[in-house]
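Here are some notes for a colleague who is opening this structure for the first time. Please keep the model in view while reading the numbered points.

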Amino acid sequence: MSRQQFNFTHQPETDQSFENALSKARRGERLTVADGVELMTTGSDQQGIVPKRKEAVLEAANRRRAEQVGEEVTFVANLNNNVTTACNTGCLFCNFKDSSEQFRTSYQDDHSGFTKTPAESQTIVRDALEKGIYEVTSVSGLHPAFALDDEHREILESSERGDINYRPPSEYEKNPGTYCAQMEAIDVGGVHVHSMTPEEAYHAQRGADWGYHEVYSRLQDAGLDSVPGTAAEILVDEVQSVICPGKISTDEWLDAMTAAADVGLPMTSTIMYGHVENEMHRVLHLQRIRELQDRTGNITEFVPLSFVHQETPLYERGMVSAGASNAEDELMIAVARLFLDNIDHIQSSWVKFRNAKGLKLLSCGADDFMGTILSEEITKRAGGEYGEFRSFQDYVDMISAIGRVPVERSTDYQQFRRLDPDDSPYGPALGPQADGTPLLPPV
Ligand code: SF4
């Protein structure tokens, strides 16, 4: 099915010209949505992307990147520890989740999902911390037994509402505990805890009326250090109503992120593109992220995530036939660099793009190359073949090969360490227990 078949109100049509938009981008002027659409489409009066125009946009973005952040390419030593795949939200782009019914003690058949108790999460994090990681990232399915804390569980247990997606832990094979218990468990040894998307924060207050400020305050007290701005996908309701009708609205997502910033939590921002949306939706999303950053100043980086279509309901139901093209990926990175004039760092995700293309995108406006990801279930289970581990040796080799400077960073971009290509073996040195030893023995 082509994107035109969804009858969206927003279409990638403007009164601006490509040439004017490009001139503004080159001069460093703040771009309008129309400018962004012209650059993203290489001129909406043309059929398809015009290669020569695309190269001009990439070149402008690469120059802006060099002016803004120089030649360094950063990465972080991190671990993914996702607590559970149990989720009933039913987002059509997701193959990470498993129906939570399969996790109940009454379910007889085998399933491939998992839930970790707080103690199990802590063991995994302690082990990775000893290896030298700086950060643990944790993003999970919305398990019906999850509560924010003990007070929240009491509210959920006594609620007579039938619409709050709650079942007591006793009904499941394994108890994920509470969100705060998971935070306390993984907040060990000075590790940076990066967790609790707005969607998870919504789940963490269902049935209560605390508001996101209170939720993020309690999570911060329990050990949360920063918030992943994922679960946004595309911040335009007409797209969300197609791909994830069970999720919070774009306004609610923005409210949650604003509250996280208000309590002092740094955060990242993302876009997941290349499914049913068009270029106007992509640029409207960028505008909402830019406005959020104007209001808060707490966003450290922007992460374009290209939709991995295989094995997702969107693909299996014939609603999409493929993800974004190479040219679309390049333009997404480039226009993000040019449009988001208030966010310093644009990430190229090797998990989504693989190594060669990930490196190419570093010359289209990106300056961050993600993290080591000691484990990565989400992309692997959605059909991506590269959701594994990237060593410091890999990073130094790849980044040096394109003539850029490999730099280990902290999650909040406050600490940096340049790696000397003549100084192997390479390992992390910024993590609380890092001593320069490689994270894993070489294979
Ligand atoms: S994207 Fe998140 S909320 Fe949606 S189905 Fe997957 S795990 Fe659940």
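This is a predicted model: local features need pLDDT of at least 70, side-chain atom pairs count only at pLDDT 80 or more; totals for chains, interfaces and linings use all residues.

1. Strand 2 and strand 3, the latter covering residues 135-138, are paired in the parallel sense, with three bridges between them. In general, the strands of a sheet pair through backbone hydrogen bonds, in either a parallel or an antiparallel manner.

2. The open sheet to which these strands belong is formed by three strands in the order 2-3-4, and its pairing is parallel. Its edge strands are strand 2 (78-80) and strand 4 (192-195), each of which pairs on one side only. From one strand to the next, the twist averages 20°.

3. Turning to another part of the chain, strand 5 (residues 267-273) is largely enclosed by the rest of the structure, because seven of its seven residues are buried, where buried means under 20% relative accessible area. M267, S269, I271 and Y273 point one way from strand 5, whereas T268, T270 and M272 point the other way, and all of them are buried.

4. Which strand is joined to strand 5 by seven bridges? The partner is strand 6 (residues 299-306), and the two strands run parallel. Within this pairing, T268 has E301 of strand 6 as its bridge partner.

Methods. Residues are numbered from 1 along each chain as its sequence is written. Side-chain values use heavy atoms; hydrogens and water are left out. Buried means under 20% relative accessible area, exposed over 50%, partly exposed in between (1.4 Å probe, protein chains only). Helices (H or I, at least four residues) and strands (E, at least two) are DSSP runs, numbered from the N terminus. Two strands pair if DSSP finds at least two bridges between them. Axes are lines fitted to C-alpha atoms, for helices over the stretch in contact, and angles run from 0 to 180 degrees between N-to-C directions.
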